[in-house]
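Open the structure in your viewer and keep the selection tool at hand. This tour goes stop by stop.

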Amino acid sequence: VTCAELDDWYSIPDGVDNAADVILNAISYYREPNRPDLVPVGGRTKLPGRGEALSDETAQAIADYLAANEQALELVGKAAGIEHSRYPIDLTAGFETLMPYLRGVRDMARLLKIDAVMHAEANEAAQAVESVASLFGVARSLREEPVIVSQLVRIGCQGNGLSAIERIVNRAELDDMQLGELSRFIAGAENNSGFVRAAAGERCGILDILRDPGKMDPRVFGSPRIMGVLLSGYKAAGLTHKGAMLYLDFAEEFLEANKLVEHKRPAAVAALEAKLEEISGIQAMMVRMFVPAYGRVVALDLRISALFRAARAGLAIERYRLAGGKLPETLADLVPTYLDAVPKDPFDGREMRFRRLEKGYVVYSVGEDGNDDGGQEMNEQNKDNCDVTFIVER
């Protein structure tokens, strides 16, 4: 209920190793690339297509970048094997809690992705798989953090891990054991409770400020004079209780909406946000000011689930092909040897789609718009009519 209770809840057992401490040590050794114009992921350029090799110049720039971060890579590798994690975050600060370590966590994930890419280019499958394991370990270190921005960083790290897996499958020769290991990483990383936990955690901070708006520094909104008058007026008018009750109802309905089957959640949350927009009064304005964009959060949560399921099916296809020398006709052919069941598309509740390509195949979800675009991937040229994809072109 309170920020102090939340801070006390987010803890790890006494006397155990803390993955966050090791990752923070790794971050202290991190060095930016000397040639950011040539380094993808951690720099400013993009990776070439799945079937294209890195240029010699890019490969050398990446090699220099990785060499400069050898100690950071070694430490995050160790952190991946540690179960518990708690970063030095003070949740008693409520809405103004600071999380400066999140940028470093993101840097570690990007570093590990490019490390996996380089091993894949050299067909060093075992080392590439190890880098992916470390990457998912970095993401896992944020799993329990009850803050929405932390969960957004976590799924960003996971997205890097999944795109690294797609690259590895396209560029390296993996055996059945390595494909199975990647599948286990994915199974262990899927976590559908992260955003619900974070929403419950953020409820503490938002309630704290709605009950006592004087705690909020009006300068954080960029218009200190206007915000100072608004916050003072809100409290003076005796609206703090009404605002807190309005928000509690909204938060409870949001948590209930997340108990629905996946593909029904976006519409339920959109209706909830629309209802909040229709409520008039200063107390409703205050609630809207502090409530995150839950609709976007739900969409991102479903998108990472779709990516996980597409990747899991893609790895199962590779195991099937390795065993029999051919692609399956349908995803059902993978059951029960490689999949327990055909995974469901979180956006429409139907089975994930599978389509053969002229070279290779695509496993995909219809994505946020609900339209089946035949497995078209998102890229610079196509950002609208596209699906959530895992593509193998070999």
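Where is the place of Val 41? Select Val 41 and look along the chain on both sides. Val 41 sits in the loop between α2 (19–28) and α3 (56–68). Note that you are viewing a predicted model.

**Stop 1: Two residues with positive phi**

Stay on Val 41 and check its backbone. Its phi is near 70 degrees, a positive value in a residue other than glycine.

Now select Asn 123. Asn 123 is not a glycine either, yet its phi is positive, about 55 degrees. Its place is the loop between α5 (101–121) and α6 (125–140). Is Asn 123 buried, partly exposed or exposed? Its relative accessibility is 40%, so Asn 123 counts as partly exposed.

**Stop 2: Ala 59 in helix α3**

Select Ala 59, which belongs to helix α3. Ala 59 has a relative accessible area of 23%, so it is partly exposed. Ala 59 and Glu 121 are 62 residues apart along the chain, and 9.2 Å separates their C-alpha atoms. Which residues does Ala 59 touch, not counting those up to four places away in sequence? They are Leu 54 and Met 118.

**Stop 3: The two sides of helix α4**

Select helix α4, residues 70–79. Colour its buried residues: Ala 72, Leu 73, Leu 75, Val 76 and Ala 79. Why do these lie on the same side of α4? They cover an arc of only 165 degrees around the axis, which puts them on the same side of α4.

Turn to the other side of α4. Glu 70 and Lys 78 are exposed there. Then show what covers the buried residues of α4: the cover includes α2, α3, α5 and α6.

**Stop 4**

The next two stops are helix pairs. Two packed helices are described by the angle between their axes and the distance between the axes.

Select helix α9, residues 194–211, together with α11. Their axes come within 9 Å and cross at roughly 175 degrees. Angles over 145 degrees count as roughly antiparallel, so α9 is roughly antiparallel to α11.

Show the side chains of the contact. From α9, pick Val 196, Ala 199, Ala 200, Glu 202, Arg 203, Ile 206, Leu 207, Leu 210 and Arg 211. From α11, pick Thr 240, Gly 243, Ala 244, Tyr 247, Leu 248, Ala 251, Glu 252, Phe 254 and Leu 255. How do the residues of the contact of α9 with α11 divide? Twelve are nonpolar, two are polar and four are charged.

**Stop 5: Helix α11 against helix α12**

On the α11 side, the contact is made by Leu 246, Phe 250, Glu 253, Phe 254 and Ala 257. On the α12 side, select Arg 265, Ala 268, Val 269, Leu 272, Glu 273, Lys 275 and Leu 276. Eight residues of this contact are nonpolar, none is polar and four are charged.

**Stop 6: A cis peptide bond**

Go to Pro 336, in the loop between α14 (294–324) and β1 (353–356). Zoom in on the peptide bond that joins Val 335 and Pro 336. The bond is cis, with omega about 5 degrees.

**Stop 7: The sheet**

Select β1, β2 and β3. Three strands form an open sheet in the order β1-β2-β3, with antiparallel pairing. Which are the edge strands? They are β1 and β3, each of which pairs on one side only. From one strand to the next, the twist averages 20 degrees.

Find Tyr 364: its bridge partner in β3 is Thr 389. Then find Ser 365, whose bridge partner in β3 is Val 388.

Finish on strand β3, residues 388–392. How many of the five residues of β3 are buried? Five of the five are, and the strand is mostly covered. Show the side chains. Val 388, Phe 390 and Val 392 point one way from β3, while Thr 389 and Ile 391 point the other way.

How values were computed. Residues are numbered from 1 along each chain as its sequence is written. This is a predicted model: local features need pLDDT of at least 70, side-chain atom pairs count only at pLDDT 80 or more; totals for chains, interfaces and linings use all residues. Side-chain values use heavy atoms; hydrogens and water are left out. Contact means heavy atoms within 4.5 Å. Helices (H or I, at least four residues) and strands (E, at least two) are DSSP runs, numbered from the N terminus. Ala, Val, Leu, Ile, Met, Phe, Trp, Tyr, Cys and Pro count as nonpolar, Asp, Glu, Lys and Arg as charged, and the others, Gly among them, as polar. Buried means under 20% relative accessible area, exposed over 50%, partly exposed in between (1.4 Å probe, protein chains only). The arc is that of the directions from the helix axis to the C-beta atoms. Two strands pair if DSSP finds at least two bridges between them. Axes are lines fitted to C-alpha atoms, for helices over the stretch in contact, and angles run from 0 to 180 degrees between N-to-C directions. Angles under 35 degrees count as roughly parallel, over 145 as roughly antiparallel, 65 to 115 as roughly perpendicular and the rest as oblique.
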